[in-house]
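The sequence and coordinates follow.

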Amino acid sequence: MDIVAGNSMRERFVSFTTRQLDEDPRLAVVLAEITMDGFRPARSRHPDRVINVGIREQLLVGVGGGLALTGLRPVVHTFASFLVERPFEQIKLDFGHQGTGGVLVSASASYDWPAGGFTHMAPGDVALLDTLDGWTVHVPGHPDEAEELLRHAYAAGDDKVYVRLSQQSNAAPRPVDGTRFLTVREGSAGVVVAVGPLLDNVLAATEGMDVTVLYATTVRPFDDAALRAAVGSGPADVVLVEPYLAGTSAGPAAEALIEVPHRILGLGVGREELRRFGTIDEHTAAHGLDPHGLRERIAAFLKH
């Protein structure tokens with residue numbers, strides 16, 4: 001499945017990063033076979049800054065941490081399950097404990113390659129990074145947004161940044177700045193926070209509902225101010241719709257509203273493993289993240 005074709009987020013990552021390698025001598029890319037074909041031209045020009053470690057994901061992150069210690073800005077890339085879950089100890093130690101920074105760029109997201117099975121799915125990646133300190137997390141919902149958020153990540157000094165790319169995409173990009181939530185629709189009966197590529201489904205699901213829709217592409221740090229402004233003085237009903245583990249942002253949202261009476265419904269990928277491969281759309285529907293499933297659950301929550 002190492003194919004980079006069409007105007008996908010992963011293709012945009014390759015083309016943008018290739019240009020940045022030519023322009024920024026501090027940037028270095030570390031790969032573990034995945035997406036290597038896309039970076040062959042860049043590797044021919046910058047063999048010392050495009051490094052393929054083979055299928056060795058712990059080494060992948062370790063090399064990235066080591067490059068950061070030399071003053072380079074490492075961009076470490078593979079599928080999300082192999083980037084965050086498998087080498088988690090190296091992320092914790094080689095970046096966190098060492099006090100270094102870098103950019104982790106994932107592909108395949110929660111269930112973007114259903115035929116790969118559960119080994120290639122990572123719905124818990126953002127929740128896992130939440131156990132560590134200081135990570136910025138970007139979840140673009142369109143290839144244009146992915147490029148802009150990668151630009152922010154590469155220029156972010158020595159910060160630790162995770163960019164979560166997906167095959168799923170909204171139909172059109174929105175303006176993103178790498179920090180704030182965007183108000184897409186305003187209403188008075190509740191607030192729905194739509195993360196990344198689930199915005200279009202949320203807008204379809206809430207059509208005709210009197211709710212505010214906030215669009216989140218940078219989820220860590222959580223935009224406390226935007227959520228507080230949207231709910232006002234309360235009491236508030238808040239629905240979080242995330243393309244990863246359901247309830248991942250319930251804690252940060254609750255902390256943002258600690259002085260406001262509120263209820264929170266966390267919608268996202270369920271914990272139960274779906275053992276039939278199916279398609280991306282079938283997995284989305286099975287997790288209740290299609291417009292029909294979202295409308296039913298959001299409407300039921302707001303009735304009470």
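Two residues are taken to be in contact when they have heavy atoms within 4.5 Å of each other. The coordinates come from a predicted model.

## Overall architecture

The chain contains 12 helices and 12 strands. Along the principal axes, its C-alpha atoms occupy a box of roughly 60 × 40 × 30 Å.

Buried residues make up 54% of the 304 in the chain. Among contacts with a separation of 6 or more, 73% are between residues 24 or more positions apart.

## Residue His77 in strand β3

His77 belongs to strand β3, which covers residues 73-79. With a relative accessibility of 0%, His77 counts as buried. A polar atom of the His77 side chain is placed 2.7 Å from the backbone oxygen of Val105.

What surrounds His77, once its neighbours within four places in sequence are set aside? Its contacts are Arg10, Phe13, Val30, Leu31, Ala32, Ile34, Thr35, Leu60, Leu83, Val105, Ser106 and Ala107.

## Residue Leu240 in strand β11

Leu240 is located in strand β11, and its relative accessibility of 1% places it among the buried residues. The C-alpha atom of Leu240 is separated by 5.9 Å from that of Val192, although the two residues are 48 residues apart along the chain.

Apart from neighbours within four places in sequence, Leu240 is in contact with Val193, Ser249, Ala250, Ala253, Ile264, Leu265, Gly266 and Leu267.

## Helix α5

Helix α5 runs over residues 88-97, and its buried residues are Phe88, Gln90, Ile91 and Phe95. These residues lie on the same side of α5, because they cover an arc of only 150 degrees around the axis. After α5 comes Gly99, which has a positive phi, near 70 degrees.

## Helix α12

Helix α12 comprises 13 residues, 291-303. At 1.5 Å a residue it should span 18 Å, and the separation of its end C-alpha atoms, 18 Å, agrees. Which residues of α12 are buried? They are Gly293, Leu294, Ile298 and Phe301. Viewed down the axis of α12, these buried residues fall within an arc of 115 degrees, so they line one face of the helix. As background, an α-helix has 3.6 residues a turn, so residues three or four places apart point the same way.

The face of α12 turned away from the buried side carries the exposed residues His292, Glu296 and Lys303. The cover over the buried residues of α12 includes strands β8 (191-195), β11 (236-245) and β12 (262-269), together with helix α8 (199-205). Strand β11, part of this cover, is also the strand that holds Leu240.

## Salt bridges

Side chains of opposite charge can pair when their charged atoms come close. The structure has 15 salt bridges. One of them joins the side chains of Glu147 and Arg12, with an N to O distance of 3.3 Å. Glu147 is in helix α7 (residues 143-154) and Arg12 in helix α1 (residues 9-23), so this pair ties together parts that are 135 residues apart in sequence. Both partners are buried: Glu147 has a relative accessible area of 14%, and Arg12 has one of 13%.

A further salt bridge links the side chains of Asp37 and Arg40 at 3.0 Å, N to O. Here Asp37 is partly exposed, at 48% relative accessible area, and Arg40 is also partly exposed, at 45%. The side chains of Asp177 and Arg180 form another salt bridge, at 2.6 Å, N to O. In this pair Asp177 is partly exposed, with a relative accessible area of 24%, whereas Arg180 is exposed, at 56%. Elsewhere, salt bridges with shared partners connect Arg12, Arg19, Asp144, Glu147, Glu148 and Arg151 in one network.

Methods:
Residues numbered from 1 in each chain as written. Predicted model: local features only at pLDDT ≥ 70, side-chain atom pairs only at ≥ 80, totals over all residues. Heavy atoms only, no water. Buried < 20%, exposed > 50% of the residue type's maximum accessible area, 1.4 Å probe, protein only. Helix = DSSP H or I, 4+ residues; strand = E, 2+ residues; numbered from the N terminus. Arc of directions from axis to C-beta. Expected span 1.5 Å × (residues − 1). Salt bridge = Lys/Arg side-chain N within 4 Å of Asp/Glu carboxyl O. Polar contact = N/O pair within 3.5 Å; in protein donor to acceptor, adjacent residues only side chain to side chain.
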